[in-house]
Amino acid sequence: MQANPELLHRAIENVVRNGLRFSPAGTCLQIEAKQEADGMIRLHIADQGVGVPEAELEAIFTPFYRGRNLATGDGYGLGLAIARQVISTVNGKIAAKMKSDGSAGLLIEIVLPAAV
């Protein structure tokens, strides 16, 4: 993939930091990365926090949006918006969903092309 490595690093770091911030103390993030047969790289970053209401899953990528399930009072609501902008510049996608296994937390999926 050809991309600005610093910006891509910061985009993924924003997602990881959010996951850590909204997970209870003593828990960990689940991070998986794999290259699919179609050449796409998929990253899954799952936290163990309270999650995000279904109606807010798209809104959390809007600049300055801060959801109702805030664990802390800090932040400006820019991290995920920046991540989406950076990832879209390399023809990638980022989305949030509740974990499919029914456990608490949020799953962020990042899909990046292996080559641009």
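The exercises below, each with a worked solution, concern a predicted model of a protein.

Residues are numbered from 1 along each chain as its sequence is written. Local features need pLDDT of at least 70, side-chain atom pairs count only at pLDDT 80 or more, and totals for chains, interfaces and linings use all residues, while side-chain values use heavy atoms, with hydrogens and water left out.

**Exercise 1. Overall build**

Task: State how many helices and strands the protein has, and in what order they run.

Solution. Step 1: helices (H or I, at least four residues) and strands (E, at least two) are taken as DSSP runs, numbered from the N terminus. Step 2: counting them gives two helices and four strands. Step 3: read from the N terminus, the order is α-β-β-α-β-β. Step 4: the radius of gyration is 14 Å, close to the 13 Å that the globule rule gives for 116 residues, so the protein is as compact as a globular protein of that length. Here the radius is taken over C-alpha atoms, and the rule is 2.2 Å times the number of residues to the power 0.38. Step 5: along its principal axes, the C-alpha trace spans about 35 × 30 × 25 Å.

**Exercise 2. Helix 2 and its cover**

Task: Find which residues of helix 2 are buried and what covers them.

Solution. Step 1: buried means under 20% relative accessible area, exposed over 50%, and partly exposed in between (1.4 Å probe, protein chains only). Step 2: helix 2 takes in residues 79–89, and its buried residues include Leu80, Ala81, Ala83, Val86 and Ile87. Step 3: an α-helix has 3.6 residues a turn, so residues three or four places apart point the same way. Step 4: the cover over the buried residues of helix 2 includes helix 1 (5–21), strand 3 (93–98) and strand 4 (106–113).

**Exercise 3. The nonpolar core**

Task: Describe the largest nonpolar core and the surroundings of Ile108.

Solution. Step 1: a nonpolar core is a set of buried Ala, Val, Leu, Ile, Met, Phe, Trp, Tyr and Cys residues joined through side-chain atoms within 4.5 Å. Step 2: the largest one has 21 residues, and Val15, Ile94, Ile108 and Ile110 have the most contacts inside it. Step 3: two or more residues each come from helix 1, strand 2 (40–46), helix 2, strand 3 and strand 4. Step 4: contact means heavy atoms within 4.5 Å. Not counting residues up to four places away in sequence, Ile108 touches Val15, Leu43, His44, Ile45, Phe61, Ile94, Ala95 and Ala96.
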